[in-house]
Amino acid sequence: KGGGKRTVATYLPSSYGDLYPGIEMFNKAAAERSGGRLALDLYDSGSLLGAEQLLPGLLSGVADVIFQTSSYVSSTYPVLGAMELPFVTEDYGKLRRAIEPGQPQFDLVNENLARKGVRILGGMPTTFEYLWTVDKPIRRPEDVRGLRLRVAGEIEGETVKALGGAPVTMGSAEVYQALEKNTIDGLVSYIGTVVSRDLQKIVKYGTAGHFGAYTVDAYCRSDWYEQQHPAVRRALDAAGKTLYHEGTAHMVKVHTEEYLPKVKAAGVELVEPEGAGMEAFRKAIAPVHADWKRRLGARTAAQALESIRNA
Amino acid sequence: MSALNSLRKYVLACALALAVVAMAVVGLMMLTITYDVIVRYALAAPTDWAYPLNAAGLLAATSLAVPYFYAKGQHISMDLVHRALPSGLRRAADLVTAAATLFLGLVLAVTAFRSMAVAIKGGLTGAGTFSIPLWVPDAVLFTSGVLLAVVAVLFPPGTAEDVAEAEHPPGEAPSTGEAPGDAPATAAPSEGAPARGEGRAAPGTGEGETRS
Amino acid sequence: MIPDSGVAALAVVLLLLLIALRTPIFVALAVSGIAGLIGLDGLSGVELVPLSLVAQLQNYALVAAPLYILLGEVLAVSGLGRDLFGAAYRWFNRVPGGLGASAVGSSTVFGAMSGVSISSVAVIGRMAVPEMLARGYAPAFASGSVAASGALAMLIPPSLMFILYSSVTGVSIAELFAGGLIPGLLLAALMIVYVVLRAKVSPAQAPRVDERFTWRERLSALIKISPALVLIVLVLGSIYTGFATPTEAAAVGALAAFAVTGWVYRKLGWANLRTVFVSTAHVTASILAIVGAAFVFTQMLVAARIPDAVSTFVVGLDISPYLVIAAIMLVLVLLGCLVDAASLLLVVTPILVPAIEGLGFDPLWFGVLLVINLEMAVITPPVGLNLYTLKSVVPGLDLADIFRGILPFLAIEAGMLALVTAAPALATWLPGLIS
Ligand code: NA
Ligand code: NA
């Protein structure tokens, strides 16, 4: 598109009340900060590019900025997996601080992605993923054995495998019926997926622990970024910070004040393993960390883990 | 002319080979999904490869068969206006169709090739514990695009009809159930016939009409 | 500088022009879509082409499509069409218009095994129409009942059209299958009632046949088709009870159809196997090529923001939403005269569904209405695939007779459209029950 118009795409629909406002905040901030140099034309709900097409679409120049969930791209860019690893830290505040634009983890990700021609402007780290089940609660790793759990990405899938279950891939629109018909026994997800698909009406138990997390990030191509007017670049960076600060704050607020009470009110029992119980999970998922380190390379992996621990 | 015909024969054989791959893919889809159902219910251990492989298989089952059925003149088309045109204009319309198909084949080949290059350079891969590199579907589209461009040039509309008219008694539409390798359909015990009739009907809007 | 909506309008003109020149529909859709993308975004617009094709043709919701096509093709070579018709006739022979009623009845049952309406017309028409003509049925009456009832395969599950609708809107295939069942059976019943009444009122159209069958003959005819009937009950039953997803049911059902055709009916020689796979590849490629190309075309419309504009316009109209539905249905019937069913569904769904949802209607209900519309589209001249399919399997028929014969059935279908609009529960009650 000519003029200052840029194409922005995401697969997220406006019904994601926790994440979508962050995207709107990004777009508003970018437009305001650029002093009229930047007008963002948003195609949401996958209307231009579906979840699987966002990254190739960005790289082919179909979109200039995309909002993408890390689970879709962390197989391609393993460095993103650091923020997704189960039990990488058990303090959400720490995970959240680690990825602040300008902090070591954020810079490490962008250094790594620069080699692939991609840049993250900013992102929202989601709250932890829990294990949600219908028939019986998961209190120990052994309880996962033989369960078919829906997953959305590679690290989630490996987490399920490490716990002795079978990961099942399916679109989030199909999950409700699959749970109802016992095609799957549960799912691994953050609370946003549960509420936006009304799954609290069918799952009975949630095991609260750090079984993973995603980040929802704004990406652009690095060469495209370099070609922009300095004012536009500043506006994009500022918008990325807005996404991180205000978008994440909004998401956390929705999760704690709206979604969690809603899930509890629906009668979902939250299981919170303690002490030795949690330690057993931590031990069981060790292979997930090992696999990820192997994919990313030991040095970068160590750097990433350290920057998260120190955050 | 005979050089052109032997070129056509060769290209048609290539297109048929891809179509046979497409048929095999449909059979494999049936078998792998059944297998996945069995292990899911019997062993509570679904595969992680059935879903991504069958999604990719759908693209292959479709796009690999498209050039062959184009060469045979068996895609769905509407000859409402075409059949009313004088023969000179009809030939012009057929040229437009050949040009449009060539254009589509070229666009597909070029864009799929570029997309494939992006996917290879960026190391792009699908999500999940079993992921297919993203250049694979692009390579399938590239192959189909190249072949579609070639058949657009070698088999302009009417080629298949001419051939078919020479092979079939007048009044009988060419049939899909036709034996691979171009033999007239002899495999037509009365019970086998319905499927052939059905196959021919899909693209046959024109066929029935032209001959009426 | 042409505005985006102008570019989209030019692309639509190019589409219609190419279709008129007998360019294959998938080529026409893709080329006009590509031309539009170039008009909107310059050459960089075409980068969307492989992305759109990969997105749409790797859509897992569509994996069910070739599998149901395969299932129908396997059962078709088993000789089931003849057996179904034979069985129906042995039971309906005493009724006025018995052969016509048998044709509708066997189309209905065959429709529950095949997702493609032309399969049904070809299989049933080949048996039933010559049979009716030989007993002195008027050609218009004979061909109308087959061409119209063949379309029931689209509404009675499994249905390729519902699979396509699901792939565009995300509405669950299982719910759409359930939604089509009651309107489909109701439509079949109305068609049978019409055939019987018409035969009673004007026996010249459908002379009474004096053939008698013993109960033993009737039962043995039923037994002959029972393996296939059991198969179809299992396939649909497993979907409705939730034991299997529609895709799983299609795969297992197709494999079981091979087993039944091979072991029970003994019809699975090499020639038939080849027929099955060539026909399946052919129907799959012809229809899914249109699916992919239509997606390129509609992505062009999305890039030009046409669905947003239509939605804003429709929602902003200050008239009854039901008037809007009526107007949409009228336009669809008219478009259905000129466009084939799959293209019509694939192009209008992404444009209309946002508006339908904006008006507060259920997209599941709209999907059922849309497919009832397509029931009419496939039998309305000048472009009605079922009419020409029937002509191609019974070459002796006169197209004018076929055109005349479908008129009463069009009226029945229009009535059904009005009925489901007035009583949405006909489409939504059963899906509500299973979900
Ligand atoms: Na059907
Ligand atoms: Na029509």
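In which order do the six strands of the open sheet in chain A stand, and what kind of pairing do they have?

Author: First, some ground rules. This is a predicted model, where local features need pLDDT of at least 70, side-chain atom pairs count only at pLDDT 80 or more, and totals for chains, interfaces and linings use all residues. Residues are numbered from 1 along each chain as written, chains are lettered from A and ligands numbered from 1 in written order, and side-chain values use heavy atoms, without hydrogens or water.

Now the sheet. Its six strands have the order 7-6-8-5-9-11 in chain A, and the pairing is mixed. Strands are DSSP runs of E, at least two residues, and helices are runs of H or I, at least four, numbered from the N terminus. Two strands pair if DSSP finds at least two bridges between them. Strand 7 (166–169) and strand 11 (269–271) of chain A stand at the edges. Each has a single partner strand, so one side of each lacks a neighbour in the sheet. On average, neighbouring strands of this sheet are turned by 30° against each other, direction ignored.

Look inside the order. Strand 6 (residues 148–151) of chain A runs parallel to strand 8 (residues 186–189) of chain A, and two bridges join them. R150(A) faces L187(A), which lies in strand 8.

Other strands of chain A pair too. Take strand 3 (residues 65–69) of chain A. Five of its five residues are buried (under 20% relative accessible area; over 50% is exposed, in between partly exposed; 1.4 Å probe, protein chains only). Strand 3 of chain A is therefore largely enclosed by the rest of the structure. V65(A), F67(A) and T69(A) point one way, while I66(A) and Q68(A) point the other.

Strand 3 of chain A pairs with strand 1 (residues 5–10) of chain A, in parallel, through three bridges. There, V8(A) has V65(A) as its bridge partner. Strand 3 of chain A also pairs with strand 10 of chain A, antiparallel, through five bridges. In that pair, T69(A) stands opposite V216(A).

Strand 10 (residues 215–221) of chain A is joined by seven bridges to strand 4 of chain A, and these two run antiparallel. I120(A) stands opposite Y219(A). Strand 4 (residues 118–125) of chain A is mostly covered, with seven of its eight residues buried.

Chain B is built otherwise. Its secondary structure comes to eight helices and zero strands. Of its 212 residues, 57% count as buried.

Helix 18 (residues 363–377) of chain C packs against helix 20 (residues 399–422) of chain C at about 170°, with axes 9 Å apart. The two are therefore roughly antiparallel. Among the residues that meet are W365(C) and L369(C) in helix 18 of chain C, and L410(C) and L417(C) in helix 20 of chain C.

A sodium ion (ligand 1) sits in chain C as well. Its protein donors are the O atoms of G111(C), S114(C), A153(C), I156(C) and P158(C), lying 2.2 to 2.4 Å from it. Along the chain these donors follow the spacing G-x2-S-x38-A-x2-I-x1-P. G111(C) counts as buried because its relative accessibility is 0%. S114(C), at 2%, counts as buried too.

How confident is the predictor? The complex gets an ipTM of 0.88 and a pTM of 0.87. Chain C has a mean pLDDT (confidence per residue, from 0 to 100) of 90, and 100% of its residues reach 70 or more.

Methods:
pLDDT is the predictor's confidence in each residue, from 0 to 100. Donors are N, O and S atoms within 2.8 Å of the metal (3.2 Å for Na, K and Ca); water is not among the atoms, so sites may look incomplete. Axes are lines fitted to C-alpha atoms, for helices over the stretch in contact, and angles run from 0 to 180 degrees between N-to-C directions. Angles under 35 degrees count as roughly parallel, over 145 as roughly antiparallel, 65 to 115 as roughly perpendicular and the rest as oblique. Contact means heavy atoms within 4.5 Å.
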